[in-house]
Amino acid sequence: GFSNPQLRPEVSWSYDAGLEWGGAHGRYARATGYFAKITDRIVADFTTGFVPYNRPRSELSGAELEAGARWGVLRARTSYAYSRSVGNSTTSSDYRPTRLAPRHVATEEILWETLSGWTWRNAVRYVHKQFSGDGETGSKLPSFTAWNMGLTKRILAARAWVSADNLTDKHYAESVGFSGFNPQPGRTFRAGVTIEFQD
């Protein structure tokens, strides 16, 4: 079965605060901190056919930093996030790290934009290790770094684009299933045209 008549709604209190600075030439920096406390968190029990049930308490806290700047035709953006996700269970009051919650995520994006409508995008994303079970147990999903690249040309109300995702053909997973890791696609090429209609 996939239902639980005793399931209670989650209750969450969240707090966040941030600072932002902006300067000339597209320079900016942001810093944000957050904290959330959740009671009766709804999770799925993988051993009994994904039946949902309530966990007593969970906490999610962390900080996000982002900075960017523009130099002529070049634009860059860097971001970093630290996350602490913990919870207890019906059998233990101790807080343990929750499953599939990487502690560190970082990205770097560089755009080259011309006046003639061309945009060349390079983006690198780093994700810290994760575990399939609470308390850093179960299968370990190793940390990974993925590199994506794309080229776009704007023509009137249309954008023609090509992209290459996971350029280094990195083999990694961000989730798990019944048979273990759910691997992400390897090197992938895409192309398309996007047309914007305005009222």
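**Exercise 1.** In which sense do β6 and strand β7 pair, and over how many bridges?

*Solution.* The model is predicted: local features need pLDDT of at least 70, side-chain atom pairs count only at pLDDT 80 or more, and totals for chains, interfaces and linings use all residues. Residues are numbered from 1 along each chain as its sequence is written, and side-chain values use heavy atoms, with hydrogens and water left out.

Step 1. Strands are DSSP runs of E with at least two residues, numbered from the N terminus. Two strands pair if DSSP finds at least two bridges between them.

Step 2. β6 and β7 (residues 118–127) pair in the antiparallel sense, over nine bridges. In this pairing W112 stands opposite W120 in β7.

Step 3. The hairpin of β6 and β7 has four residues between the strands, and G117 there takes a positive phi near 100°.

**Exercise 2.** Identify the aromatic pair and state which parts of the chain it ties together.

*Solution.* Step 1. Rings of Phe, Tyr and Trp (its six-membered ring) pair if their centres lie within 6.5 Å; planes under 30 degrees apart count as stacked, over 60 as edge-to-face and the rest as tilted. The count by this rule is one aromatic pair.

Step 1. F144 and Y172 form this pair, which is stacked, at 3.9 Å centre to centre with 15° between the planes.

Step 2. F144 lies in strand β10 (residues 144–155) and Y172 in the loop between β11 (158–165) and β12 (173–177), so the pair ties together parts that are 28 residues apart in sequence.

Step 3. Buried means under 20% relative accessible area, exposed over 50%, and partly exposed in between (1.4 Å probe, protein chains only). F144 is buried at 4%, and Y172 counts as buried at 13%.
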